[in-house]
Amino acid sequence: MILNERPIPIPLLQREALLRRLPKTHSRYHDIEKELINWKTGYSGEKNVDYYLSYLPDDQYRIMNDLRLKNKNTFQIDTLIMSQIFGLVLEIKNITGTLFFDQNTNGVIRRYKEIEEGISNPLTQAKRHRSQLMQWNLAHKLKPIPIEYLVVFSRNSTILKTNPGNEHIFKHMIYAENLEEKVAQISEKYQNPLLKGRALTQACDYLLSQRIPSYPDILKTYSIPKSDIRPGVPCPKCQALPMIRVSAAWYCSICKTYSKNAHLIAVKDFFLLMNVPLTVRDFQGFLIIEQRGVAKYLLHTLHLPADGNSKRAAQYFLPPDCILSLF
Ligand SMILES: [Zn+2]
């Protein structure tokens, strides 16, 4: 049973928002474009694995996606499968080409189109996430259960190689389509149900309640000053900035489109990029609205949670989890 759908990663949405609001001539434009492709590739690999996860028997397995927890540092598990008997940490990879796992250096070399590059070792990542989860369980006094780990390659075209004699490492790596069989195989190793009755549901509820949302300061990541970000409401049809507010709608002077709710994407962009709460003044400035009364009214219609007192302007928030459901 899938307990939470995999969300579109915030860093992916942030890069899309950046590209909407930077001129193509900006010095970081191409870096952001490249990294957006990597995020999209990773996400589509994870979605592909979700398809195979949906085949696991609902009565035996609980599936949690994108589980970000905190010990001393935060760590993020792509997928955690829990049963009454064991837990399984999945590290999902969507990689094109051939991977060579070097026994001597513990490094991984990726070869694609005659180009070789070192990449971080997904087995090391998966193992680290497992031990971080075990530490977390201990710190939160959860009933200990055995925890396994697997690297899941979302496409069968990823070719895996290692030194002769080191092939045992492949028992912790699979292609997504073999997931169901592998999980059944792992479950045969264990007999004792440790999380009986409601204990499994309670453990999963607790894990989900302790998630830490990830909200990177993306402008800082790329050293982009706020003043480089072009304000305005983007046209939903031709993406031109800014639309003009005319008689209770937005109008694009380039493609002559009208829209009632084109401002929603601008509000989303504000939260994705600026990392601060929104005030009426920010809203008016970022959406380029001439009259404060109109800005106030439009902001009010969004029903965002607010915090304010008589001494300073109200501040509006968008909890990260809501960013997709709200709009
Ligand atoms: Zn337009």
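In this predicted model, the zinc ion is held by four protein donors, the SG atoms of Cys235, Cys238, Cys252 and Cys255, and these lie 2.2 to 2.3 Å from the metal. Read along the chain, the donors follow the spacing C-x2-C-x13-C-x2-C. Around the zinc ion, the four donor atoms subtend angles of 103 to 115°, so the arrangement counts as tetrahedral. For that label, all angles have to fall between 85 and 135 degrees.

Cys255, at 25%, counts as partly exposed.

Next comes a histidine. His172 sits in the loop between strand S8 (159–162) and strand S9 (173–175). With a relative accessibility of 17%, His172 counts as buried, because the cut-off is under 20%. Setting aside neighbours within four places in sequence, His172 touches Leu123, Glu148, Tyr149, Leu150 and Val151.

Strand S8 also belongs to a sheet. Four strands make up this open sheet, in the order S6-S5-S4-S8, with mixed pairing. Strand S6 (115–119) and S8 are the edge strands, each pairing on one side only. From one strand to the next, the twist averages 25°. In general, strands of a sheet pair through backbone hydrogen bonds, either parallel or antiparallel. One of the residues involved is Val108, whose bridge partner in S6 is Ile119.

Definitions and conventions:
Residues are numbered from 1 along each chain as its sequence is written. This is a predicted model: local features need pLDDT of at least 70, side-chain atom pairs count only at pLDDT 80 or more; totals for chains, interfaces and linings use all residues. Side-chain values use heavy atoms; hydrogens and water are left out. Donors are N, O and S atoms within 2.8 Å of the metal (3.2 Å for Na, K and Ca); water is not among the atoms, so sites may look incomplete. Four donors count as tetrahedral if all angles lie between 85 and 135 degrees; four count as square planar and six as octahedral if opposite donors are over 155 degrees apart and all others between 65 and 115; anything else is irregular. Buried means under 20% relative accessible area, exposed over 50%, partly exposed in between (1.4 Å probe, protein chains only). Helices (H or I, at least four residues) and strands (E, at least two) are DSSP runs, numbered from the N terminus. Contact means heavy atoms within 4.5 Å. Two strands pair if DSSP finds at least two bridges between them. Axes are lines fitted to C-alpha atoms, for helices over the stretch in contact, and angles run from 0 to 180 degrees between N-to-C directions.
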